[in-house]
Amino acid sequence: MIPLATRSSEESRLYLELQTCPQCGAPALEVTAHWLADEDGALLSCYESRCEQCATTADFEFTVAGEPPAPPQFGGPEPSQLIDAGQFLTVARDLAAAVPADPARCPADERADAREAMVIAVAALSEVRKFLPADAHEVPQSAFFTPSGRAVYSADPAQFTRRRLTALDNGYRQILTAYET
Ligand SMILES: [Zn+2]
């Protein structure tokens, strides 16, 4: 097994959440064990998962590249090698979609969770922006390296322009600020 290059345990966990079962294809892998291994001096972060639908188990091995970032960041300034721009945008959107934009419409006992969801949505969206070269107006094709990420891109390529991503980021940060005051 070739270990996957991860930037943080947050990134490893999200990667596992995005995987489907190698046996039945269900997107329902549950992490059943996590351990660290030393392979010739390199630290490996290992996970065992179990499919909630057919009970097939699968193992994943990660090597941590560089210094892990402070949570909730998934990694440093370099783009992910595991999760592509389309997947990160979907993660951000799914999280933000469950949060009422106006905190007054969010039940008091759900506000902390809503705020946390927006924090992670902002972090996931910042990962999409890391695929933007400094002088580029849009995320390049090479940033879509999974079938699901490519499908998100094909559905609406314009959502990956710098302009749209910046506008979305501003919108998310406004919602987050509203939950922090
Ligand atoms: Zn399965």
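This is a predicted model: local features need pLDDT of at least 70, side-chain atom pairs count only at pLDDT 80 or more; totals for chains, interfaces and linings use all residues.
## Zinc site

The zinc ion takes its protein donors from four cysteines, namely Cys21, Cys24, Cys51 and Cys54, each through its SG atom and lying 2.3 Å from the ion. The four donor atoms make angles of 105 to 113° with one another, and the site is accordingly classed as tetrahedral. For reference, the ideal angle at a metal with four tetrahedral donors is 109.5 degrees.

Along the sequence, the donor residues follow the spacing C-x2-C-x26-C-x2-C. Cys24 belongs to the loop between α1 (9-18) and β2 (29-39), whereas Cys54 belongs to the loop between β3 (42-51) and β4 (57-64), so this pair ties together parts that are 30 residues apart in sequence. Because buried means under 20% relative accessible area and exposed means over 50%, Cys24, at 35% relative accessibility, counts as partly exposed, and Cys54, at 32%, also counts as partly exposed.

Four strands make up an open sheet with mixed pairing, arranged in the order β1-β4-β3-β2. Its edges are formed by β1 (4-6) and β2, each of which pairs on one side only. On average, and with direction ignored, neighbouring strands of the sheet are turned by 35° against each other.

The pairing of β1 with β4 is in the parallel sense and extends over three bridges, and Thr6 stands opposite Val64 in β4. Helix α1 lies across β1, β2, β3 and β4, and its direction runs at about 150° to that of β4.

## Domains

The chain is divided into domain 1, which covers residues 4-64, and domain 2, which covers residues 85-180. Their C-alpha centres lie 24 Å apart, and the contact between the two takes four residues from domain 1 and five residues from domain 2.

## Arg164 in helix α5

Arg164 is placed in helix α5, which comprises residues 162-180. With a relative accessibility of 33%, Arg164 counts as partly exposed.

When residues up to four places away in sequence are left out of the count, Arg164 touches Asp156, Ala158 and Gln159. Val139 is 25 residues from Arg164 along the chain, and the C-alpha atoms of these two residues are separated by 11 Å.

Methods
Residues are numbered from 1 along each chain as its sequence is written. Side-chain values use heavy atoms; hydrogens and water are left out. Donors are N, O and S atoms within 2.8 Å of the metal (3.2 Å for Na, K and Ca); water is not among the atoms, so sites may look incomplete. Four donors count as tetrahedral if all angles lie between 85 and 135 degrees; four count as square planar and six as octahedral if opposite donors are over 155 degrees apart and all others between 65 and 115; anything else is irregular. Helices (H or I, at least four residues) and strands (E, at least two) are DSSP runs, numbered from the N terminus. Buried means under 20% relative accessible area, exposed over 50%, partly exposed in between (1.4 Å probe, protein chains only). Two strands pair if DSSP finds at least two bridges between them. Axes are lines fitted to C-alpha atoms, for helices over the stretch in contact, and angles run from 0 to 180 degrees between N-to-C directions. Contact means heavy atoms within 4.5 Å. Domain bounds come from an automatic or database domain assignment.
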